[in-house]
Amino acid sequence: MSQINFFTTNDEIAKLLASRIKSERVAQHLKQEQLAQKADVKIGVVRNLEQNAKITLHNLIAILRALQKQEIFNELFDFEKERIAVDAFKYEEEMRKKKKQRVYDAKQL
């Protein structure tokens, strides 16, 4: 699975994230021990992430920073961009309702 949607479970998302982090570690030619050292976490943290997709938020942040992938937080926390999309959807929905109401009012005349 590579796409996340409404039906994706939390466990599936965790496994996908763990898999992507492992792939990035391998792409950077790092052993688990090296990543743990760079992230200043115990080796068990990296193993538990890669094998069981279990990790604390604090340790996840440390590992992403060690992999120099902290920029993903910019996208993750770009709520303004998401809010604009939601606001545009709500605006369009409200306009459709008003248009339907005008048509209904005109039929009663």
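Residues are numbered from 1 along each chain as its sequence is written, and side-chain values use heavy atoms, with hydrogens and water left out. Because the model is predicted, local features need pLDDT of at least 70 and side-chain atom pairs count only at pLDDT 80 or more, while totals for chains, interfaces and linings use all residues.

**Exercise 1. Helix 2 and helix 3**

Task: Describe how the axes of helix 2 and helix 3 cross, and which residues make the contact.

Solution: 
- Helices are DSSP runs (H or I, at least four residues), numbered from the N terminus. Helix 2 covers residues 32–39 and helix 3 covers residues 43–52.
- Axes are lines fitted to C-alpha atoms, for helices over the stretch in contact, with angles from 0 to 180 degrees between N-to-C directions. The two axes come within 8 Å and cross at roughly 120°.
- Angles under 35 degrees count as roughly parallel, over 145 as roughly antiparallel, 65 to 115 as roughly perpendicular and the rest as oblique. Helix 2 and helix 3 are therefore oblique to each other.
- The crossing of helix 2 over helix 3 is right-handed (the near helix is turned clockwise from the far one by less than a right angle).
- Helix 2 contributes Gln32, Glu33, Leu35 and Ala36 to the contact (heavy atoms within 4.5 Å), and helix 3 contributes Ile43, Val46, Arg47 and Glu50.
- By class, this contact has four nonpolar, one polar and three charged residues. Ala, Val, Leu, Ile, Met, Phe, Trp, Tyr, Cys and Pro count as nonpolar, Asp, Glu, Lys and Arg as charged, and the others, Gly among them, as polar.

**Exercise 2. Arg25**

Task: State where Arg25 lies, whether Arg25 is buried or exposed, and what Arg25 is in contact with.

Solution: 
- Arg25 is part of helix 1, residues 10–27.
- Its relative accessible area is 8%, so Arg25 is buried (under 20% is buried, over 50% exposed, partly exposed in between, with a 1.4 Å probe and protein chains only).
- A polar atom of the Arg25 side chain lies 2.7 Å from the backbone oxygen of Leu30.
- Beyond neighbours within four places in sequence, the contacts of Arg25 are Leu30, Lys31, Gln32, Leu35, Glu50 and Leu67.

**Exercise 3. Two positive phi values**

Task: Give the phi, the location and the burial of Ala53 and Gln68.

Solution: 
- Most residues other than glycine have a negative phi.
- Ala53, not a glycine, has a positive phi of about 55°. Ala53 sits in the loop between helix 3 and helix 4 (57–66) and is buried, at a relative accessible area of 16%.
- Gln68 also is not a glycine, and its phi is positive at about 60°. Gln68 belongs to the loop between helix 4 and helix 5 (72–76) and is exposed, with a relative accessible area of 59%.

**Exercise 4. Lys54**

Task: Locate Lys54 and give its distance to Ala18.

Solution: 
- Lys54 is in the loop between helix 3 and helix 4.
- Apart from neighbours within four places in sequence, Lys54 is in contact with Asn48 and Leu49.

How values were computed: Polar contact = N/O pair within 3.5 Å; in protein donor to acceptor, adjacent residues only side chain to side chain.
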